[in-house]
Amino acid sequence: MRILHVLDHGLPLQSGYTFRTRAILKAQEQRGWHVAAVTGPRQGMTADAVESVDGLTFHRTRATLKSGAFGELAGIAAFARRIDAAVESFRPDILHAHSPVLDALAAYRVARRRGLPLVYEIRAFWEDAAVGNGTGTEASVKYRATRAMETWAVQRADAVAVICEGLRGDLIARGVAADKIVVSPNGVDLTVFGEPVPRDDALGRDLGLADAETIGFIGSFYDYEGLDDLIAAMPALVAARPKARLLLVGGGPMEAALRAQAAASPVAGAIRFVGRVPHTEVERYYALVDVLAYPRKHMRLTDLVTPLKPLEAMAQGKLVAASDVGGHRELIRDGDTGTLFRPDDPAAIASALAELLADRSGWDARRARGRAFVEAERNWSSNICRYEPIYQRLTSAATVDGSWQRSPASI
């Protein structure tokens, strides 16, 4: 089986998107399949047209500089040409495009002309991600146009993969056949991120966490993550638990605003910002944390989409506390594998965290149940099997149809 993945961006850039991609490609290689990827114009400038990163092959698209609708169209056309060149070089059996929808549109042009089966994988709806990032408005003309474009692409793909039940349910409500959609959830590569490292006491002392009760967030600082609510919860939490400290690891668009908010807090000394750290170092910071907190705001994006970070925390044997939104409810069983609190409510956050810190009697059992959930249901070594029936069905159909002739086609 030869699979060419079509991506917005990939390694060596680091994001939740690239980490999921890496896990998929590595697991498919371990399965015995041959994989390669082609990244779009938003990867940015690269030195080589084809690069090997972490043992994976990436075909690169030259970055385009145009903006607006015409710039997007030009980017799709350039991306399609690069995908076609990668098809000619790699000779795949399947095109597997990943969101955003621009990737699916570029891949569809190539799939149609080459007669290749196309799988389209949606990690979030682009229009909802724009609202969550503060760059779009729900129900705007652009929002509705993007949603229509997404539906168009889904209808024309041969199969659709989504990362959670929320996205699947939304597509079914749009009229997409349920048997066309498979859920391939976020997961953790337990061979890379499965064994917690010992606590680094020197690092803890450097950060002022030597005898602290540490609440942590490790990830990207977007508005929808609700970190402003977490910072706002800290005065009440410190009043209840004087040793409580907040450790924020990462960065993003909200970093400057969050740092300013923390500096103005009456408990500013209880809040630590670390900045971004290499993914290879992140386990050292997990080891310092007692409870990982994920206070996502309540909106369509967070109700539909499951995050990756709570799974990483559970894989590390950590307690998780998160807002009660749809994406978290797919991952966390309240009172069993984690704690859920009201979203958009700093008082509820402080109360839930204080209650956890006050009673440690069930911590070990809860952490063990969280780890067991990841091992059984969110482990990439088993998650990858969800793709196999789709690939087999589509390649068998293509063989019967004789549509994929492995011959050049112009774009």
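Arg113 is partly exposed, because its relative accessibility is 38%; here buried means under 20% relative accessible area, exposed over 50%, and partly exposed in between, with a 1.4 Å probe and protein chains only. Arg113 is placed in helix H3, residues 101-114, where helices (H or I, at least four residues) and strands (E, at least two) are DSSP runs numbered from the N terminus. The C-alpha atom of Arg113 is separated by 31 Å from that of Gln30, and the two residues are 83 apart along the chain. The model is predicted, so that local features need pLDDT of at least 70 and side-chain atom pairs count only at pLDDT 80 or more, whereas totals for chains, interfaces and linings use all residues. Residues are numbered from 1 along each chain as its sequence is written, and side-chain values use heavy atoms, with hydrogens and water left out.

Two further partly exposed residues have positive phi values. Asp54, in the loop between strand S3 (50-53) and strand S4 (56-60), has a phi near 55 degrees and a relative accessibility of 40%. Ala139 lies in the loop between helix H4 (126-132) and helix H5 (141-156); its phi is about 75 degrees, although it is not a glycine, and its relative accessible area is 48%.

Cis peptide bonds were also identified. One joins Leu11 and Pro12, with omega about 10 degrees, and Pro12 is in the loop between strand S1 (2-7) and H1. Another joins Ser99 and Pro100, with omega about 15 degrees; Pro100 is in the loop between strand S5 (94-98) and H3.

The largest nonpolar core has 60 residues, of which Leu237, Leu248 and Val291 touch the most other members. A nonpolar core is a set of buried Ala, Val, Leu, Ile, Met, Phe, Trp, Tyr and Cys residues joined through side-chain atoms within 4.5 Å. A second, separate core of 45 residues includes Ala36, Leu118, Ile181 and Tyr224. Contact means heavy atoms within 4.5 Å; leaving aside neighbours within four places in sequence, the contacts of Leu248 include Phe217, Phe221, Ile271 and Phe273.

Strand S9 (residues 213-220) is largely enclosed by the rest of the structure, because 7 of its 8 residues are buried. S9 pairs with strand S10 (residues 244-251) in the parallel sense over 8 bridges, pairing being assigned if DSSP finds at least two bridges between two strands. Within this pairing, Gly216 has Leu247 of S10 as its bridge partner.

Thr337 and Gly338 are both placed in the loop between H14 and S14. Thr337 is buried at 2% relative accessibility, and Gly338 is buried at 0%. With residues up to four places away in sequence not counted, Thr337 touches Met314, Val320, Leu331, Ile332, Arg366, Arg369 and Gly370. On a corresponding basis, Gly338 is in contact with Val320, Ile332, Arg333 and Arg366. The C-alpha atoms of Thr337 and Ala368, 31 residues apart along the chain, are separated by 8.3 Å.
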